[in-house]
Amino acid sequence: MSAELIQFLCILAAVASGWLIGYFYRPKWRHAKKNDDNASSYYKGLNYLLSEQAGAAVMTVINELPVNIETLPTHLALGNLMRSKGEVDGAIRIHQNLLSRPSLPRDKLYQVHLELARDYISAGLLDRAERLLRDVVDESAIYRMDALEHLQNIYQSEKEWDQAIAVARLRLPQRSWLKKQTVLTATERAVECSLSHYHCEKVKPLLLASDVKAASKELQLARNYDGNNVRAYLLSADLAISQNKPQQALDLLHSVIDRQPAFASEVVPIFRKAFLGFANQAAYLDALQRAAQKTSSTAFNIECAQVMAECKGQESALQFLHEVALQRPTFGLLSEVLNKPEGERRQSGALVRQLLDQLKAERPVYRCRHCGFSGQKLHWLCPSCEQWGTIAPIRGILGD
């Protein structure tokens, strides 16, 4: 083979190799350039948003950033960021723009439906959010549980208890007597707690309508869903007293004392009403002392002292208060001791009593175990974190 032919073949091979390399790497280069353009649009929109130019950010995203499976996370991220900054109108426009693109996969469209529903909830447009969420519940297995959670919150905020109950039940695993009881997750336990309180919410209008049978059924359901729901037991005890069933009321109240002794202060008034049916001060005092010993409750101890003063005299009541105050001092007990007629000590302690009474009146009585919210009124639904059944009486020197 001649040297010229060899040289020609080498040149041909070099040209062919260059062409092949350019052919195979050109799409990736274009793809990279495309990604650079997308990133540029993303950062431009983000810059507008951070510069408090929400309108410009929305138009940049809608007009310059194409909608496809690769850019969808960018659109969703910017929409969610705008919603978190309070620019709900801009978030709605971004998500509506995504829904107008039928090229997206079906499951991604449902994801956009869910995000748009969250926008509507933030904007207070609950009826629009409800329609979108119901579509997601009916048609998307992936986002069904998320949609149900939002629906439940909507009905809860609107006090539509029957609808909230129906939706909450869909979030729980189906129960069957043929299968063993499954261990619930923390989320499912929270749903059951919510269901218990929803049934309690239905009781008041039923009692106003004198439908005692329906109210009893709702309270039984409430206790079935959450055996630690103090509210359900207190309402049931009140209902039993109204039906002239004091023993049943006491059994329910003892369940509260056994399961949730921190709520003893809420039990005392109903406990007193239940014993009025027996008209036996000695039996009442004995029951109070046993409950006070079990719970170490200031409210029960003070009630004991008051009944003891009637049955055995002020001296016995004061001695009892001194004993329990030494075991577990609280402002309530100290104030009660100083309020007893004790001659000179009562007069010398007048200023102390005034200060203690003032502190007692101003101190928070209840605190949320979830977020720490505190106040002087018992809320079954925490106004701060909106969790059911997390607020309880404060225990300790400043509490019960």
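1. The largest cavity holds about 30 Å³ of space. The search of the whole structure finds one cavity of 30 Å³ or more. A cavity here is a set of points, on a 1 Å grid over the protein atoms alone, where a 1.4 Å probe fits but cannot get out, and lining residues have an atom within 4 Å of a point. Grid points are joined across faces, edges and corners, and the volume is the space filled by probe spheres set on the points.

2. This is a predicted model, in which local features need pLDDT of at least 70 and side-chain atom pairs count only at pLDDT 80 or more, while totals for chains, interfaces and linings use all residues. Residues are numbered from 1 along each chain as its sequence is written, and side-chain values use heavy atoms, with hydrogens and water left out.

3. The lining of the largest cavity consists of G227, N228, N229, V230, Y233, S255, V256, R259 and Q260. Two elements, α12 and α13 (246–259), each give two or more residues to this lining; the largest share, three residues, comes from α13. Helices are DSSP runs (H or I, at least four residues), numbered from the N terminus. By class, the lining has three nonpolar residues, five polar and one charged. Ala, Val, Leu, Ile, Met, Phe, Trp, Tyr, Cys and Pro count as nonpolar, Asp, Glu, Lys and Arg as charged, and the others, Gly among them, as polar.

4. The whole structure contains 12 salt bridges, each defined as a side-chain nitrogen of Lys or Arg within 4 Å of a carboxyl oxygen of Asp or Glu. One of them joins R83 and D119, at 2.6 Å from N to O. Because R83 is in helix α3 (residues 72–84) and D119 in helix α5 (residues 106–123), the pair ties together parts that are 36 residues apart in sequence. Both R83 and D119 are buried (buried is under 20% relative accessible area, exposed over 50%, partly exposed in between, with a 1.4 Å probe and protein chains only). A network of salt bridges links R83, E115, R118 and D119.

5. Another salt bridge pairs R231 with E201, with 3.0 Å between the closest N and O atoms. R231 belongs to helix α12 (residues 230–242) and E201 to helix α9 (residues 186–201), so this pair ties together parts that are 30 residues apart in sequence. R231 is buried at 10% relative accessibility, whereas E201 is partly exposed at 24%.

6. R290 and D286 also form a salt bridge, their closest N and O atoms lying 3.2 Å apart. Both residues are in helix α15 (residues 281–295), four residues apart, or about one turn of the helix. R290 is partly exposed at 47% relative accessibility, and D286 is partly exposed at 39%.

Key:
1 Å grid on protein atoms, 1.4 Å probe; cavity = no way out; pocket = protein on both sides within 12 Å on 5 of 7 lines; lining within 4 Å.
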